[in-house]
Amino acid sequence: MIKINLPIHIKIGLLGAFLIPLFFINISVGSSDISLHHIINYLIGNETSKGIENILSLIRIPKAIVAILSGVALSIAGLLMQALFRNPMAGPSVLGINSGASLGVAFISLASGMGVGIDTVKYMSGFGAWMTIFASSLGASFVMLVILVIAHKVKDNVALLIVGIMVGALASALVGVAQYFSHPDQLQEYLLWTFGSLGGIVYEQIFVLSIIVLLGVLVSLYLCKSMNLMLLGETYAVSMGLSIQKYRILSIVAASLLAGSVTGFCGPIGFIGIAAPHLARVFIKSSDHFKLLPISAFIGAGGMLICDVFSHISQSGVVLPINSITSLIGAPIVIIAMIKGRK
């Protein structure tokens, strides 16, 4: 068998180009399929029916953009956490950021179970999606600040990892208590949010999400050199002038921005943050984070587009939870990739 070893820039280019057909497939699939001919006519400005135009501009295209942004954000957040803790099973949720975001949303959705009056719940719910996003971001930010304070006191990354898991468990416990005392309607609303969704996000929200993701990506690019130095051990990294404390704090902030923003806008979405860096390492067979970062981002974006397509395969027109689809598709792929990588 002939093996073709392509240069890394060719691999990055091919993965980036592969997102284009995935994007078109994604916006063509749904409760009513749209042909490629109609999509191209719409994109180049030719006259199309009002129904197709509304479906593409208001539903399909925003959802595909959100899929790409969330895939990029979660995959890079996962890469940052795996590099920080030197653990291939670390993901964006390892520090409890997702649990903090869930706690913030639970406070809005399940507020009566936390002792807040029902009139206050109705008032807060009146702000719609922005209130959910704000609550999620506030919860994630609170947990991030707690972790940053602890990071100043704890020098060992393993201890910091354990503390992050405990903080996440504490937030989950508070959510569980609120669920127990909440009204059934509020509980249903919160459970629907936990399924995750890429739809229902308007362009103003996409703009805000894009700014946050871009900021997180820029910080991650800045950290690539530090992550490469850490591969050779903390002693060597310090001898080369790396500030371990600054690296840890920036890694936590960047991962929190990326994972927290996606959780706020889309709900908790699992597995992409763990799977994409794994597949990137198998794909390029390198530990250089300057190469892994763009490869992970493209794999994460493509993976989210594919998972979103599979979430629409139900014949009844019901959209399956994206959180379940990412795990159903991602878990077997990562298992196969790890076995192949070992060989």
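Visitor: Which residues of helix 1 are buried?

Guide: K11, L15, L19, L22, F23, N26, I27 and S28. Buried means under 20% relative accessible area, exposed over 50%, partly exposed in between (1.4 Å probe, protein chains only). This is a predicted model: local features need pLDDT of at least 70, side-chain atom pairs count only at pLDDT 80 or more, and totals for chains, interfaces and linings use all residues. Residues are numbered from 1 along each chain as its sequence is written, and side-chain values use heavy atoms, leaving out hydrogens and water.

Visitor: What do those buried residues of helix 1 pack against?

Guide: Helix 2 (36-43), helix 3 (50-85), helix 12 (272-284) and helix 13 (289-310). Helices here are DSSP runs (H or I, at least four residues), numbered from the N terminus. Contact means heavy atoms within 4.5 Å.

Visitor: New topic. At what angle do helix 4 and helix 7 cross?

Guide: Roughly 20°, with the axes of helix 4 (residues 97-109) and helix 7 (residues 157-181) coming within 8 Å. Axes are lines fitted to C-alpha atoms over the stretch in contact, with angles from 0 to 180 degrees between N-to-C directions.

Visitor: Which residues make the contact?

Guide: S99, G100, S102, L103 and A106 of helix 4 meet G168, A171, S172, L174 and V175 of helix 7.

Visitor: And the loops? Where is F271?

Guide: F271 lies in the loop between helix 11 (244-266) and helix 12. Its phi is positive, about 80°, though F271 is not a glycine. F271 is partly exposed, at 26% relative accessibility.

Visitor: Is K285 buried or exposed?

Guide: K285 is exposed, with a relative accessible area of 71%. K285 sits in the loop between helix 12 and helix 13.

Notes:
Helices (H or I, at least four residues) and strands (E, at least two) are DSSP runs, numbered from the N terminus.
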